[in-house]
Each structure stands twice: as C-alpha cells, then as structure tokens.
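Please load the model in a viewer and follow the selections below in order. Each stop states what to select and what is found there.

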Amino acid sequence: MGPSSHQPRSERTSPSSTLAHRNLSAAAVQGQFRPLCRYNYLDLGEVEENLRRAQASKIMRHFIVNPDLANVVAQHLVPDLQDAKTIIFECNPGPGVLTKALLNAGAQRVVALERDRTFLPDLQELESRLDGQLEVVHCDYFRLDPIGNGNVKPPTMFTDKLFTDLGISESAWTDDVPVKVVGFLPERNGRGTLLKMVYALFERLSVYRYGRIELNLFINEREYTKLMSRPGEMIFYRAFGVLWQMACDIQLLHKEPWESFTVSSRQSARNSKSKLPNDHLCLVRLRPRADLFSSGLTPSNASTLLMMVKQCLAKRKVKLIDRLNVWSPDSGSKLLSELGLPEDILTGNVYPDEYLRLFQLMDKSQEFTQSWLYEEILENTQREGWG
Amino acid sequence: VLEARIQQLQSDVVLDVQHAKVQFLKSPSFRPSRWMEKLSEEKKNKLKKQQILQQKMQRNPKEKLPGKSKASRTAAVTTAATSSKAAEALKTSKQKRRDSKSKVSDKDATNKPEDGDLAEIEELEKRLNEQDIQLSIRCYLEACVFMGDVERSQRFLLSQHRVMSRRKQLTTDIYNIMMRVWAKKGTLNQIGRIFILLEEAGLKPNVSSYSAALECMGRNKNCPPKVISRCLDQMKKDGLSVDDLFRECVFRQDERDMLLKAVQTVRPDYEPSLTLNASQSSSPLVKDFYTNRDHHTYPKLDFTQEDLQRRFQHQLSVEQACTVTIDSVEAMKPVTENMVKMRELLAEQRAQWQKVLLQALRENKMILTKTNTRDYKLNLYPYLCLLEDKEYVDIMIQSVSNLPPSGESLKILAHDLGNRIYTKYCVRQKHQNCIVEKLQSIYGAYTELLAKDTKVCNVLPREQWCKLEMEQSSGPTLQGAETSWPYVLMLELGTFIVDIMVKNLKINSDILNPAYDKKLIPILYHMYTFRSTRQVGFIKPHPILTQMQQEAMETTLTFDSSVMPMLCPPVPWTSEKFGAYLLTPAKLMRATHGATQHEELLEKCPNLHPVFDSLNQLSNCAWRVNKPILDIIISIFNDRGSDKLDIPPPLSEAPKIPHFNPQDPDYTASEKAHMKREVINAKKKCSEMHSLRMDALYKLSIAHHMRDKLFWFPHNMDFRGRTYPCPPYFNHLGSDVTRATLVFAEGKPLGPKGLDWLKIHLVNLTGLKKRSSLQGRLEYADSIMEDILDSADDPLNGKKWWMEADEPWQALACCMEIANAVRSPDPTKFVSHFPVHQDGSCNGLQHYAALGRDVIGATSVNLMPCEVPQDVYSGVAQQVEELRTRDAAKGLKIAQVLEGFISRKVVKQTVMTVVYGVTRYGGRLQIEKRLKEIDEFPK
C-alpha cells in the first residue's frame, strides 16, 4: 500500500517552474479526486525528478511528466473505468506518472507494458506496493508478434504469451471492449505501425483475437490529419486512413502542444517538409466497430478487402470503373450502378463505407472470385504491403 | 514589341507547366510509379515556386485566358497518348519554366530567390536537366532523320529555333544534323539558311558544319570553285583548318569522300595528313610494357586468317538479326499429349496477339501523328517509326514469353523494351551509314595480327585496329555516330509499349477450363506491390497464361544476340564507346543508370590504353564446351535435377501449394494462420525454384547451342576495375556448373609437369588438403587414383567420389581429363584444354606486402616461395595471443577474460577487411560478433 509515500496534497499540484508557461486546456481537473477510489492516493512524484529520468532514456520517445496532463488523459479514459472488466494497457509508461494518475482516477486493472529496462525497477516497486491493480511487463506493445522467424525475447513478444500470462481470454467481437490501450504511437515508422495494426484488426490476428481492443493513442497532428482525411483530398486520402475509418469509430479526445511533453534526450528535429500543421499531439480513440464483421466481411476474406483498397488507392485520380474492369472485365458498370455510384467516379472520391459495400458485392459475385485479385492476396499478407 | 512578345510567350509557358501537371495526374495509371513519383514530387516543388513567379508575371492576365482554353482543348484530344505526352510536356515545361525564371530574376534583381542553398541545387539540377533536354532534342531529330522524314525534321528544328527558351538548348551539333540531311540532297541554299540560323542563335559553326557544307558542294557536280574557296576562307577565319575537318569529324556513308572531292577541286594536291595521336601511357607502372617491346610478339591464335574471317561473317549475321532463337535443352524431353495441345494453343494465341498488337500499334501511331499540335513538343512518334511495325510486335511477343510468373516491375520491363528497340535501331543505323562494309574490311585486315598463318607483329590489338582505321580512312567513321538515348527516353518508350500490350493482349477465360464463363480477359495486368511504405508498379501475367506456358514447355528460346558468346574474336576496345561486339553497342564500364558523374569522369579520363589492352587480352581467349560434362548435366537437368549437385529441379518437383478454404469453420484461428504461412512459403519456394530453373535452362541451352563451336567472351569492367564477360548467362565466371562446361579452345601438350598440375588442381577443387604442400597434394591425388578413375568412368553409378568435392562438376571434369591423360600412350604429349586455377590468399594483404616490400608479410600471404601454404590469420591470432598473455599477466581484466578465446576464426574477418578500410569501430563489432558465436564465451 505504501502509506509512506503519502504526502500533502499541496505538493501534488505545485507547478514546476520549467513547465509554468504551459497552457493546459483542462486545468479544471486539478485537484479532483475519484470519489470511488478505494485506495490511498498515489503521489505522482517530483516533476523535476521524473523529468530527469525521462530525459535519461536512450530511446527517442515522448513522456507525460506533467501531472496535470496525466490527469487529463486519465479523465478521458475514466468514464468506463468503474467497470472492473476493462483492463488498461499502458504502453511505455516511463516514470509512471500517467500510470499513477490512472490508478488515482479509479482504474481497477492497469498493465504497464514498458520496453525500456531502465524504468522497470521503479514500476515494479510500485507494483509491489499495490494490491494487484498494477502489473508490469517488459514488453513493447508496438512490437508484438514480429514477422521474422528469429529468436523472440523481451521486449518483443507474442500476443498469446502476453494475454495468457495476464489471464485474459478471447472474447467475441460484439462483446464490450475488453482492453483499452493508451500510449504514444512511435514517431519512427508510425505509419507502418498503424498499418500493421489495422491489418491485424481486419484479420483478427494479434491482439484482436481477444476482442475489440480500443486504442487511445497520441498521434502527431499531421499523421492524424492524414488518418482522418476525407474523399476528395487527393493527396492525403490513402489506404491506411480508409481502412481505419472503415474499421473504427474514431474520436479526437484531446489536443496538446508538443511542448507539454517531455522528450528523451536524443530528439531528432521534426522535419517540416509537409504543408500540414504539426504543432500538437492528438489523443485519438480508435474503437473498432462492433458491426464490422456483420455483413459479409469475415476475418478470412478481409485480406482481399485490404488488397482491393490498397490497389484502388495507389492512385487516387483513376476511375474506379477501370480498376474493377481490370479485376473482372465488363463488371465495373454493373457494380457501380448497384452501389449507386456514378460511372466516372475516381477512386479518391469513394467513401470508406462505400468501399466496404463494394467489397461485399464483389465477394458475392462469382466473377470476382475467379479473378487474380484472389490469387494475389496470399502473397501480400504481411511483410509486404505496409504501404 | 519584341519584349512584349517574349512576355507573352513566357506566360504561355507558365500555363503549359500547369497544364502538364494536370495532365500528368489524370493520365492512366500504367506508368513506372517510382520514377514518375519522383518526377511529380520534384514538379510539385517547382510548381510551388512557379506560382510565386506567376504572380510576379501576372501583368497581362488577359492573354492568359485564351492560352488556357487552347491548352485544354489539346488535352481533350490527347487523352489516348497522355502518359507519354505528359511526360514529354513535363520535361519541356520544366526547362521552359526555368528560362522564364531566369528572365524574371534578371528583370528585377530585388526579387531574387530567397536562399542560396536552393539556388545552388537549382543550378545543379538545371545543368543536369539541360544535358537531358539537349540529348532528347538530339535523339528526336536523329530519329526523324533516320526514318527519312526530312520535312518533319526541318519543321522540328525550326520550331525549336523559334521558341526562344528552346533555342538556348540547341547546340551547333544539333543544327549540323539537319545540315547533313541537306548536304546529302545537295541543296546548298538550305545549308546556307541553317548557317544563318546558327548565327541567329549566337552559335559558331564547327568542323562538322563546314564539313557538311563542303560535302554538299562536293556532291554538286557544277559547283563553282569560287564558292568552295569562299567557304574555305570563312572556315579559316573561324580558326579551323582543313586537316581539322578530317581529323575531328565523324563521317557517315560517303561524306568523307565528297568532302575530299570538294577540297580537291580548289586544291588538287590536297591529301589529308594522317597522324595517329598516340599518346603513350603515362602510368610508370606500365611504361616499360609499352616502350621496351623489341622482343615482344603478340601471341597468335590457333586459327588461319581465312578461318577468322569466316567466323566474323557468322558473328556478323547473328548480330544483324539482333535476336537468336535456339533450341531449349528441355526439347530433348519426350513430348506428351498435353504438351502438344498447349503448344498448339499458345501458337494459335500468339498468331492472334501478333495481329492485335500490329493493329494497335498502327492505331497508336496514327493518334500520335494527329495529336502533335505543337511542333516544338517532343513525342514518341519518330521512335515508333525506327523499325518495321512487325519488329516492335516481335519485341513485345518476346517479352511476354520471357515474363516470369511472379511478374516484373514496370520500370525494369519498360527499360528492357526500350533498350531492345534502341539496340535494333543502332544496328540499323550502322547499316544506313554503310559501316558494316567498312567494319568488314578493317576486321579482315585486323585478323592478320591474330591469325597463325601471317607474319608476327609486336603491336597490340588496339594499336593494330587504330592503325588500320587510319589507313582505311575513306568511307564512314566506325565510331561515335550513334547517340545513346537518355534513360528517361528508354523508359517512356518502354512504358508506351507496355501500355499497348496490357490494353490489347487478351485471352478467352474458358481456354483451359470450359466451366468458366467465356469472356476475353487481359493476359497481363498492372498492379501495385508494396515495399515498406513505397509502392512499385508491377506487370504480372495472368495465371492462365503462366499455366499454359509452363505446361507447353516450349522448345525454343529467343535471346538478344548480345547474350550469346561471340563467334569471332571481339573487336578490340579502342575507346570507351567502341569495342566488344561487332554491331551491338556495349559499354566499357558497367554503371547503374543515373550515375552520370561516373560516365563524365570516364570520358575525361586521359589515357585508358592499359585498361583497353587488358580487356582485349581477356576477350581474345577462345573457349569451347566440355561436351561429356554438358551431356551429364543436361541428363540430370532433364530428369529431376539435384539440389546437392546444384542442378535446379523442375517445377514438378516443387512443393505443392496447399489449398484450404479459409471459411471452413473446422480450423481454429491459429491453424488458419499456420496454413496461410505455409501457402506463402510454398509460393515463395516455387518462384525461387522457377527463377533458378530458368537461369540454368538459359545457361545450359546456350552451352548446348554452342557445343560444336569455338567462341569468345567480350569483356568489360565495373567502376572498380573488376572485369566481367559481357554475356550475362553463360560465361566462365559463373557457378561450378557453368565453369565445368567450359574448356579452352586451344590445347597444349601437358609436358613433363602438366599431369601433376592437373592432379593438384583436382585436389584444390575438392577443398581437402588445404594445409598441405603442393607435394602433399600431389601425393594425395596419387593415393586416390582409383577413386578418380572410377569417377571419370562411371560418374553417376560408380563410387561417386567427385560428388563430395567442394566444386563437384569441375572436379568431375578434372577427373575425366586426368583419366584421359594417364591412359594416353604418352601423357606428356597429351593435348589438354583444361583450365587450371591459381588462387591468392588475402589479396588485399598481398598487395600491401608487395607495395611495402614487406618480406615477413609477403611470406605469410604466400608471396614468397614456401613449402607449405602459409596462413596469415593463424599468424595474427598467435601474435594477439602473445600480447594478451602479457596484458593478462599485468592484471588487465579483459585480457584475462579472453583467455582461450583468441582463435584464427576470431581474427580472420578483421584481418581480411583491415586492408579494405574497416574502421576501428567496425572491427570491434566484427570481433564482438565472432566472440558471441563461441558458446562457452561468458556473456
């Protein structure tokens, strides 16, 4: 229980001089308590000390050190937390500020997945002080289920092992969200990670075998804009965005300027090649739709859908009908009229749900199952195709 | 007024750029995505800057509107040809934009581009781009001239001249192309006009301009001598002498003779002075070789002059055809009923495709001629008229049959096609320029150096060739008449051709399985594959086509002629652009495309003679096929292959691709995932096996085709100076299998020591006895003579000793050679053709030791005579161990931990790479890795 760490409330909110200028939108949550919290309030720690530890990390990554920010994030995850069944996976907690904030906010079960060994002792110490609300695992969430066949050792892991060790069993897709994941999307190869995750989602592999895992990720603003781009925005409307929009209810929970986060020492300068603004990190909720697999789409034929969407959106300014005719000659106009789309529609103007319906129609038609599109998918499952 | 006109032109240009961009994005998707992407990216950046410029220039917006509507009208017409045209327009517009930009910055210096870095990059890009544009204009014009369309060429040149921005790109040589045309026609006044154009463009006429003018005068029988004298005077004023003309010009057909005729009408005694610009090699390393050659004689080949000339004729006819169709070794397999059926089906389809493609090509050409609304724009039309329509179609059909079942990236396929067209074009150009006859006569004289029945010479092949070229100076010049096409052009042309193929080649879907609905489906399709976050355009054959091709096992293979070894000694390299094949262009230095700096540097290289001479020496070695070995290999190849002996098995031996129904509820998720992985692995394995099999099929088929012939491998180099044979599949640098099938054409009696060397070579090939002295190896060979003879006599059913060797096929070949030698009445007189290898040990260190006159080093890398082979790695390990012991005694922790771990293996890689510049850091990593591999090493 660690009553020794219990300290006066005033210290908890004392603003650090280094962060004094920060403009926190939700300052109102300061000092709020979860009335439901059965446990002693956990001190979020000295800001200076946490800052130092975070910056000492050798891996380039972001941390939440500011207690107020941690509370804001915790609040966003809280509403369902009373429900004891939902488990929170916190990816790379680092010094554990958010971890404590989550526990303070009433989380019943938090699993801290930390990739960096140096943070483990302190987290484990915290684990030992609590009564099972926190479990610490040396694991990198974004490197679960590696593709190659080398030797797998922590922090890389297979999902089965992680979930079995934690005692989480598979649940049906339509059940409630069993696990909420919170963390930062890695800056390096963020797009690749997002793609890998959405593939896993559609095929119900990896963590998605265990149900509708909800992601609450800090994504940089540019990537978020691309993720959410709509038909007609020909430059940014890409396969990965379409697939995520098709699969999930996406909600922007919170927007926070980069300055509010702590970055470990080896920060590479953010490149500013793109025209898109990139001043914030966005906390985005990606909750898989319960009805995703209700009408024709199954995890086993989903790979064809992935293939279809990627082929279509490789170029956004080509006619959809041409693409369809390439896959199955002379079937394009029939399909389009069934969908109620104009003959000359460009691939970049088709909405995600229209792609889904298109796929359902194609999957029913005999012509398309003879097409080479179906031959191709197996070659393109995982390693290739994070485009 | 002029300024206003310029401005108007500029604004047009700006619109053009914009328009090109729009077109580009709209154009159909069949395009090499990666380079196109790059281009478009580049263009996007430019467009941004462009818009800023545009705002600056927006002084007369009224003029823009009509311009725009006009432009869009063109677009409507050109949709069919957009892909290529857009790219063309893109190129041209880029350059134009830059012109307008430079004008703007001239006009108001205050609004100069912001930062210097950008300007610098822009500058570099501009330089590169200008070269590309110049080259494109030149190639376009030459193509027009080649197809005999004088009117089009003249119109094109004039239009380039009229557009101010374009005029800047023109060089005197581009104008000269047109002058040459008029000179052939003998129309002097047209040449005069071009001289005026040159002056207008601010260019000076050069030797070729005057040569064309004089040639024209020479052609006119009644050209007054006064005119010729005036021309000569003018030339003198420009600082050019008549000798310069003869020395520097590249002549085609009878140009030189006409020029001489013209000169001789006013100066009857004139004879061009001929000097061989023989700058001797400057490198002191080879100086002696070139200067002290009193006692040198160039070694003769074992052929008579007549024989060599006959061989030349064979090779010439092969290269004139450009492609060679040979029997596949699989043709020896028995023909099944299904094979017959498939072959018939394919032949039927092919005939159909040929018709379809021919028609499509003609239609596309028609569209191109009609849509060429602006004269100054480059389009692909002339490049589609260089060959007969049928030849283009043949190239297309050939590429369909060579397409691997897993497809090919569009970029590679397109470049291949473009290159094939280019090669054919080059050969035809050589015909048109009457080079073939001249080549024949020079080669005929050149054989005197090589043939055994002529007098001995002390000159090198290159020197002989140059001398002959100078002596037989009348007629066309052999070198330098063909301009090589820019990479982009090859791609564009190739993409255009691929587009025609994808759109027109169809097959009935029920051809193999009548259960399917009957409809026409394309046999090739374009799709994307994704590599990490990049997308790559791919052309894939339809599974039906692949199945037909595999089941038909067609009996013939068609190759480009440059893939085959040559049937006569190659033309010696005399410049970086001339050598190797007779007509097919070859590169002295292999380079990846886009490494233009490499090429520039190569051209600037002052004296490459030693390089030419070394390559010529390698190329002049004649080879022949080791028939008994080839037959054994083919028998295994046509049976079931053998992974152990490195003979790729046929696809029928491939693992079956498991089929499963993913919807089947009986499988659990992990079972499905497992099966899926298995399917992927099986597919991967199949495609690997296919490519290995095809590679072996090509090699063996070529070897089989060459089985009764003698042949040569022309050589070239990469940028490091490593030499390679030009024919890619079958050559003496290949695997054990190909090496074993080759022996020297010219045999020598073994002599007293020859048999011993064969035996030692055999032991070396086995990889055994690496530590033994030569004597030890010889004794070992003698001790196993029984195995050797058994292997030679009964390779497949005997004791199979040879199969255990490191290089089994060469070992077998060597066994047979030894068997033949020892069974001959007198082994010392046995004529052997067998190559015996000599190998170095750590070549980098050998060079270091030699350069440093380092006796200890030289001994340890076997540069000094020694009884037993020395091993430098063990030596180093030993020394390190000594130092370690000393350090350990001093109490150094690391040294103590390392006790017992310093082995040869730990130091080997680092010793080897230290001479190639491995860093301290890299070396540390290497050692760390080796140490980690030792199980007992404390982690």
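**Chain B, then the domains of chain A**

Begin by selecting chain B, which contains 37 helices and 16 strands; here helices (H or I, at least four residues) and strands (E, at least two) are DSSP runs, numbered from the N terminus. This is a predicted model, in which local features need pLDDT of at least 70, side-chain atom pairs count only at pLDDT 80 or more, and totals for chains, interfaces and linings use all residues. Residues are numbered from 1 along each chain as its sequence is written, chains are lettered from A and ligands numbered from 1 in the order in which they are written, and side-chain values use heavy atoms, with hydrogens and water left out.

Colour chain B by accessibility: of its 939 residues, 50% count as buried (under 20% relative accessible area, with exposed over 50% and partly exposed in between; 1.4 Å probe, protein chains only). Among contacts (heavy atoms within 4.5 Å) in chain B between residues at least 6 apart in sequence, 74% join residues at least 24 apart.

Next, select B:Thr323, which lies in strand β1 (residues 323–327) of chain B. Leaving aside residues up to four places away in sequence, B:Thr323 touches B:Gln398, B:Thr558, B:Phe559, B:Asp560 and B:Ser561.

Move to chain A and colour domain 1 (47–265 + 275–288) and domain 2 (301–383) separately; the bounds come from an automatic or database domain assignment. The C-alpha centres of these two domains of chain A lie 32 Å apart. At their interface, 18 residues of domain 1 of chain A are in contact with 21 residues of domain 2 of chain A.

Together, the two domains of chain A bury about 1,800 Å², 72% of it on carbon and sulfur atoms; buried area is the accessible area (1.4 Å probe) that two parts lose on being put together, summed over both. Select A:Tyr199, A:Met234 and A:Met246, the residues of domain 1 that lose the most area to domain 2, together 33% of what that side buries. Then show α7 (190–203) and α9 (239–247) of chain A, the elements that give two or more residues to the side of domain 1 touching domain 2. The most comes from α9(A), with five residues.
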